[in-house]
Amino acid sequence: MSTSDWERLTAAAEAVLKPRRISKWIEVGGVAAAILTDRDNIHTDVCIDSACSRGMCAERSAAARMLTCGENRIVKIVCLNRNGFLPPCGACREFLMELDPGNSGMKILLPGNRIAELQELLPEWWGKNCKMAAVRNGFSVRAALPKDAPALAELHMRAWEDAYRNILPEEAIRKVNAGRMCQWPELLRDPSQHHFVAQCEDEIAGFIGIRPWHDSGEYGAGEIGGLYVAAKYWNRGIGSALLAQGIRELLSRNMRPIRLWVLENNLRARRFYENNRFRYDGTRKEVVIGTRQIELCYRFEEAY
């Protein structure tokens, strides 16, 4: 991120900083916040101060806008009033940390133009080693980052070995896996593709990739390009959470219908997709992965 990010965030926050009383009991706009996400989007909002003390801090209001847009990973945040920059309050620090474990490294502009990470403002945070459901079933889903490339390559290789051991020839699996380390940095740089990972404490447990549908040239359709979970994390709901994230992302981009390809002999995967509202649409194609294989096209049955 460039240093101009702080200028962008400050300008965005100042644009909505408009203190005013809207009723006898409520004042708004005395503090403004601007959040920069890992997708380079900026979300802003203001505080709401009420007589009943049930108002909302600007940081949480901006975070709510971010969540509505399907994002939860924060890179930088600015909070300010007419006197200058402010640190997030204690409740907001806790809230922002719980949104995503990766938010511990988010940068905060403090009074005096000092920059600190959220984890510095929450030393020895209680949730770091907590085994309770601070995140869903012990994992969280977030956007993949460039630094994740080596871990994703390793996971992809292991997942292919576990998923296709009795389906594809061993030599074919080794040959495809040989290129993973070079493949993943390129995938994460490709602006047409988006990847999300399931994070279990400090380990990536699975990933999903989404992209525009290429095969038929159908404009506007979306594709689940790949979904893999490490075998030791199977049957914990991680695959379903990743799939739901991918579907939400495609629908938010109005990419319909949503399709994917699955090997005909991969019965486990087919059952998984069928349990998640995907149905075989009658389209099939032949591919060569060591030996000739048949892939089936599954289409997501969107409820209206």
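1. How many positive and how many negative side chains does the chain have, and how far apart do the centres of the two sets lie? In this predicted model, the chain carries 42 positive and 38 negative side chains, and the centres of these two sets are 3 Å apart.

2. On overall architecture, the chain is built from 9 helices and 14 strands, and its C-alpha atoms fill a box of roughly 70 × 40 × 35 Å when this is taken along the principal axes. Among contacts in the chain with a separation of 6 or more, 61% are accounted for by residues 24 or more positions apart.

3. The largest nonpolar core has 51 residues, and the members that touch the most others are Y164, L168, I224, I238, L243, Y273 and F278. Helix α5, which spans residues 149–164, gives the most to this core, contributing 7 residues. Apart from this core lies another one, of 22 residues, with V31, A33, A62 and A63 among them.

4. When its neighbours within four places in sequence are left aside, F278 is in contact with I224, L243, I247, I258, L260, Y273, Y298, R299 and F300.

How values were computed
Residues numbered from 1 in each chain as written. Predicted model: local features only at pLDDT ≥ 70, side-chain atom pairs only at ≥ 80, totals over all residues. Heavy atoms only, no water. Helix = DSSP H or I, 4+ residues; strand = E, 2+ residues; numbered from the N terminus. Contact = heavy atoms within 4.5 Å. Lys, Arg positive; Asp, Glu negative; His and termini not counted. Charge placed at Lys NZ, Arg CZ, Asp CG, Glu CD. Core = buried A, V, L, I, M, F, W, Y, C linked by side-chain atoms within 4.5 Å. Buried < 20%, exposed > 50% of the residue type's maximum accessible area, 1.4 Å probe, protein only.
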